[in-house]
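Please keep the structure in view while reading.

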Amino acid sequence: MSKEKIIRITTVPRSLGGLLRGQLKYMTRSFEIVGISSSDDGRLDKVASDENIRVIPVEMTRKITPIKDIKAVIRLYQILKKEKPLIVHSHTPKAGTVGMLAAKIAGVPHRLHTIAGLPLVEATGVKRWLLNFVEKITYNCATMIYPNSFGLEEIILNHNFAKAKKLKVIANGSSNGIDMNHFDPAVFTVEEKENLKQSINIKPEDFVFIYVGRFVADKGINELVAAFAEINKSYPNTKLLLVGNYEKELDPILQESEDLIANHTSIIAVGWRTDVRPYFAIADALLFPSYREGFPNVVMQAGAMGLYSAVTNINGCNEIIIEGENGTIFPPKNVHALIAVIKNILEKGKTSGCDSERIRGMIANRYDQKMIWKKIEEEYMTIISKNTSEA
C-alpha cells in the first residue's frame, strides 16, 4: 500500500533541516515526505541526505520581492500539479504565503501552515498594512493554521486573521520540540568546558550570561548590550557571551550597540555556530530580551541544558518560563528592567545542580521532541482518515 504524499515547504533550507531537524525523517515511516526550499549552495541536498527525503528546489526570498514571489508561486503551482500531494504543510512567512497560494490554485485538498512568529507585530505604517494583507492571504488560502504557541493563537484571533475553528496549537506548543538527549549538559566534561572558556578568555570566577540568536533589533540586542555594559561596571567578573550573526540588511541594530559588541572587553561574540551546546554548557544563565517570538527554540534549549533563563513577557517565552521556577520574566524594550533582572540573578548566585535537573525536567515534561512529532503525525493521520471517509 502506497503512502500518502505530504510536501513540507520552508523559505530556506536552514529552516527545513534546522528548525525541523529529525522530524521529516521521523515522518517517512508513515508518509512519503517531499521537501521544498531554496537551493542555497547545496544546503538543500544536505537536508535530503540527513532526513532521507526527496527535495525540490524553488527559489524564494525572505524579503518582499513581488516579481520573484510571483515566479515562486508559478513554479510551486507547476510542482504541486505534477506531484499531487494530499497535504502541503508550510513553515516560515514567505513559504507560507507563496506555498498556500500555490497549493490552493493547484487544488491541494489540505493546506496547512505553521505560524512561528509574526513580524508584523513590530511593524508600523505602510509596512504594517502590507504585512497584514499578506498574512490574510496566507490564512485565507490555508485550510488549517497551527500557531506554535497559545500566545500566537490569541494574537491571530485578536487581529481577526482567522476564525478559531481554523486554528490549533499542537501539544503544548513548539514546531519541533527539543531533543533532551542531544541538549544535555552531561555530554561535556569539565576539561572540555575549561578549555573552551580559556579559548575565549573566560576566567573560572566569571559569571557567564549567554544570548543565542540573530543580532537584530527585534531580538532586543540594543537593550541587552546596554544593560550588560552598565551591570559590568559594578560586577566586573561577568561576561556576556553572544552566539549568532548579524542581519544588517533586514533589521540592523544601533551603531553604538555594534561598537560595544566589537570593543567591550567583557562582551564575547563568537559568531554563528552550528552546535550551540558547548556555549550553553559554559554559561550560567540565558538572557533573551526579544520583542516578538513564536515559540523560541533557544529558551527550550537553554532549559534542556539546565540554565535559568531571563526572558521578555511575550508569547512563547512566557509559556516556557514559569516565574521563579525555571527563570524570570521582564517587560520587553526596557533596559532598566533588564538591569534589575541581571542584578537579581547575580545576587542569587549560580543555580545548583539540583536546580539544573529540575529545570531540565520542566522542559522534558512539556516539550520532548518525540512527543511533539507523535502529535503532528496524529494530526496528519486524522486528516487522511477524514479525507478517506469523505471520498
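Does H4 pass H5 in a left-handed or a right-handed crossing, and which is it here? The crossing of H4 past H5 is right-handed. This is a predicted model. The points below take the helix pair, then the sheet, then the helices on the sheet.

**Helix pair H4 and H5**
- Helix H4 spans residues 66-83, and its axis comes within 8 Å of that of H5.
- The two axes cross at roughly 45°.
- From H4, the contact takes in Asp69, Ala72, Val73, Leu76, Tyr77 and Leu80.
- H5 meets them with Lys94, Val98, Gly99, Leu101, Ala102, Ala103 and Ile105.
- The residues of this contact comprise 10 nonpolar, 1 polar and 2 charged.

**The sheet**
- An open sheet is built from 6 strands, ordered E3-E2-E1-E4-E5-E6, with parallel pairing.
- Strand E3 (54-57) and strand E6 (144-147) are the edge strands, each pairing on one side only.
- From one strand to the next, the twist averages 20°.
- Strand E4 (residues 87-91) runs parallel to strand E5 (residues 110-115), and 5 bridges join them.
- In E5, histidine 110 stands opposite isoleucine 87.

**Helices on the sheet**
- Helix H5 (residues 93-105) lies across strand E1 (5-9), E4 and E5.
- H5 runs at about 160° to E4.
- Helix H7 (residues 150-158) also packs on the sheet, where H7 touches E5 and E6.
- The direction of H7 makes about 130° with that of E6.

Note on methods: Residues are numbered from 1 along each chain as its sequence is written. This is a predicted model: local features need pLDDT of at least 70, side-chain atom pairs count only at pLDDT 80 or more; totals for chains, interfaces and linings use all residues. Side-chain values use heavy atoms; hydrogens and water are left out. Two strands pair if DSSP finds at least two bridges between them. Helices (H or I, at least four residues) and strands (E, at least two) are DSSP runs, numbered from the N terminus. Axes are lines fitted to C-alpha atoms, for helices over the stretch in contact, and angles run from 0 to 180 degrees between N-to-C directions. Contact means heavy atoms within 4.5 Å. A crossing is left-handed if the near helix is turned anticlockwise from the far one by less than a right angle, and right-handed if clockwise. Ala, Val, Leu, Ile, Met, Phe, Trp, Tyr, Cys and Pro count as nonpolar, Asp, Glu, Lys and Arg as charged, and the others, Gly among them, as polar.
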